[in-house]
Amino acid sequence: MEVDVSELKRMETEVDLAKMAADKLQNFVSALSHELRTPLNAIIGVADAVQHSPLAASNPHLRTNLGVIKDSGYRLSSLIKDIIATVSTDQIPTSPDPPTTLSSAPPSLQS
C-alpha cells in the first residue's frame with residue numbers, strides 16, 4: 001500500500017489553518033465582547049446610581065427616563081450576548097426576545 005505524503009501534508013496544513021482561524025475568531029469575539037459590554041455596563045451603572053439619587057427621587061420624569069435607559073441597556077446587553085454566542089458557535093439562538101421598538105418607550109420619549 002502506497003501512501004501519498006503530499007496529500008497528508010496538504011491536509012495537515014488545512015487543519016493548521018483552520019485552527020489558526022478559530023483562534024483568531026475567538027480572540028476577535030473576546031475583544032468585541034469587552035469593547036461593547038464595558039461602556040454599556042458603565043451606562044447602566046450610572047443610570048442606576050442617578051435613578052436612586054435624591055435628584056431622581058424628586059423628579060418622576062427623570063426617574064422614568066433613567067428606567068428607560070437601564071431597560072434599553074439590559075436589552076442591548078442581551079442582544080450583544082446573543083450575537084457573540086451566535087458568532088462563537090455559528091448557531092442562531094433558539095429563543096430570541098422580540099424586537100423592541102420605539103413604541104414601547106414612554107410617550108414622552110416617542111416624539
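In the predicted model, residues 24 or more positions apart account for 50% of the contacts (heavy atoms within 4.5 Å) in the protein with a separation of 6 or more. The structure is a prediction in which local features require pLDDT of at least 70 and side-chain atom pairs count only at pLDDT 80 or more, whereas totals for chains, interfaces and linings use all residues. Residues are numbered from 1 along each chain as its sequence is written, and side-chain values use heavy atoms, with hydrogens and water left out.

The secondary structure consists of four helices and zero strands, arranged along the sequence in the pattern α-α-α-α; helices (H or I, at least four residues) and strands (E, at least two) are DSSP runs numbered from the N terminus. Of the 111 residues of the protein, 16% are buried, where buried denotes under 20% relative accessible area, exposed over 50%, and partly exposed the range in between, with a 1.4 Å probe and protein chains only.

Helix H1 (residues 5–51) and helix H3 (residues 60–89) have axes that come within 9 Å and cross at roughly 170°, the axes being lines fitted to C-alpha atoms, for helices over the stretch in contact, and the angles running from 0 to 180 degrees between N-to-C directions. H1 and H3 are therefore roughly antiparallel to each other, a class assigned to angles over 145 degrees, as against under 35 for roughly parallel, 65 to 115 for roughly perpendicular, and oblique for the rest. The residues of the contact of H1 with H3 comprise 15 nonpolar, six polar and five charged, with Ala, Val, Leu, Ile, Met, Phe, Trp, Tyr, Cys and Pro taken as nonpolar, Asp, Glu, Lys and Arg as charged, and the others, Gly among them, as polar.

The largest nonpolar core contains five residues, namely Val29, Leu40, Ile44, Ile80 and Ile84; such a core is a set of buried Ala, Val, Leu, Ile, Met, Phe, Trp, Tyr and Cys residues joined through side-chain atoms within 4.5 Å. H1 and H3 each supply at least two residues of this core, and its largest share, three residues, comes from H1. When neighbours within four places in sequence are left aside, Val29 is in contact with Ile84, Val87 and Ser88.

Ile69, which lies in helix H3, counts as partly exposed because its relative accessibility is 39%. Its C-alpha is 7.2 Å from that of Ile44, although Ile69 and Ile44 are 25 residues apart in sequence. Beyond its neighbours within four places in sequence, Ile69 is in contact with Ile43 and Ala47.
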